[in-house]
Amino acid sequence: MDIYNALKPVLLGGVVLIAGGRAIGHYGKNETKAMWVTILIGALVYFFVNGPANTLNAFSGLMNTILNFIQGLGG
């Protein structure tokens, strides 16, 4: 497991670079449907490499930040 934890940032960076590069390529060719499919597949791969628990915790943290911001607007 130590090897996986050491390689995980490299794998996540690779997924982002590959999916982003392919999506930009599709965008340049005006292939909107293929671009969104590439982004979706990249997001799913990122989700499973990062671990579902870590990804879901990131979303809950984001939601808590938004809720705290909205509550702070009331004064």
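Tutor: Begin with the whole chain. Of its 75 residues, 17% count as buried. Keep in mind that the model is predicted.

Student: What makes a residue count as buried?

Tutor: Its relative accessible area must be under 20%. Over 50% is exposed, and in between is partly exposed.

Student: What is the pattern of the chain along the sequence?

Tutor: The pattern is α-α-α. There are three helices and zero strands.

Student: How do you know that the span of helix α2 agrees with its number of residues?

Tutor: Helix α2 covers residues 32–50, which is 19 residues. At 1.5 Å a residue, α2 should span 27 Å. Its end C-alpha atoms are 27 Å apart, so the two values agree.

Student: Which residues of α2 are buried?

Tutor: They are Met 35, Thr 38, Gly 42, Val 49 and Asn 50. These residues cover an arc of only 90 degrees around the axis, so they lie on the same side of α2.

Student: What does the face turned away from the buried side of α2 carry?

Tutor: That face carries the exposed residues Lys 33, Trp 36, Leu 40 and Phe 48.

Student: Why is Phe 48 called exposed?

Tutor: Its relative accessibility is 57%. The cut-off for exposed is over 50%, so Phe 48 counts as exposed.

Student: And why is Phe 47 called partly exposed?

Tutor: Phe 47 has 22% relative accessibility. Buried needs under 20%, and exposed needs over 50%. The value for Phe 47 falls in between, so Phe 47 is partly exposed.

Student: How many aromatic pairs are there?

Tutor: The count is one aromatic pair. Its rings belong to Phe 47 and Phe 48.

Student: Why is the pair of Phe 47 and Phe 48 called edge-to-face?

Tutor: Take the distance, then the angle. The centres are 5.0 Å apart, and a pair needs centres within 6.5 Å. The planes stand at 80 degrees, and edge-to-face needs over 60. So the pair is edge-to-face.

Student: Where is Gly 21, and why is Gly 21 called partly exposed?

Tutor: Gly 21 is in helix α1, residues 2–28. Its relative accessible area is 42%. That lies between the cut-offs of 20% and 50%, so Gly 21 is partly exposed.

Terms used:
Residues are numbered from 1 along each chain as its sequence is written. This is a predicted model: local features need pLDDT of at least 70, side-chain atom pairs count only at pLDDT 80 or more; totals for chains, interfaces and linings use all residues. Side-chain values use heavy atoms; hydrogens and water are left out. Helices (H or I, at least four residues) and strands (E, at least two) are DSSP runs, numbered from the N terminus. The expected span of a helix is 1.5 Å times one less than its number of residues. Buried means under 20% relative accessible area, exposed over 50%, partly exposed in between (1.4 Å probe, protein chains only). The arc is that of the directions from the helix axis to the C-beta atoms. Rings of Phe, Tyr and Trp (its six-membered ring) pair if their centres lie within 6.5 Å; planes under 30 degrees apart count as stacked, over 60 as edge-to-face and the rest as tilted.
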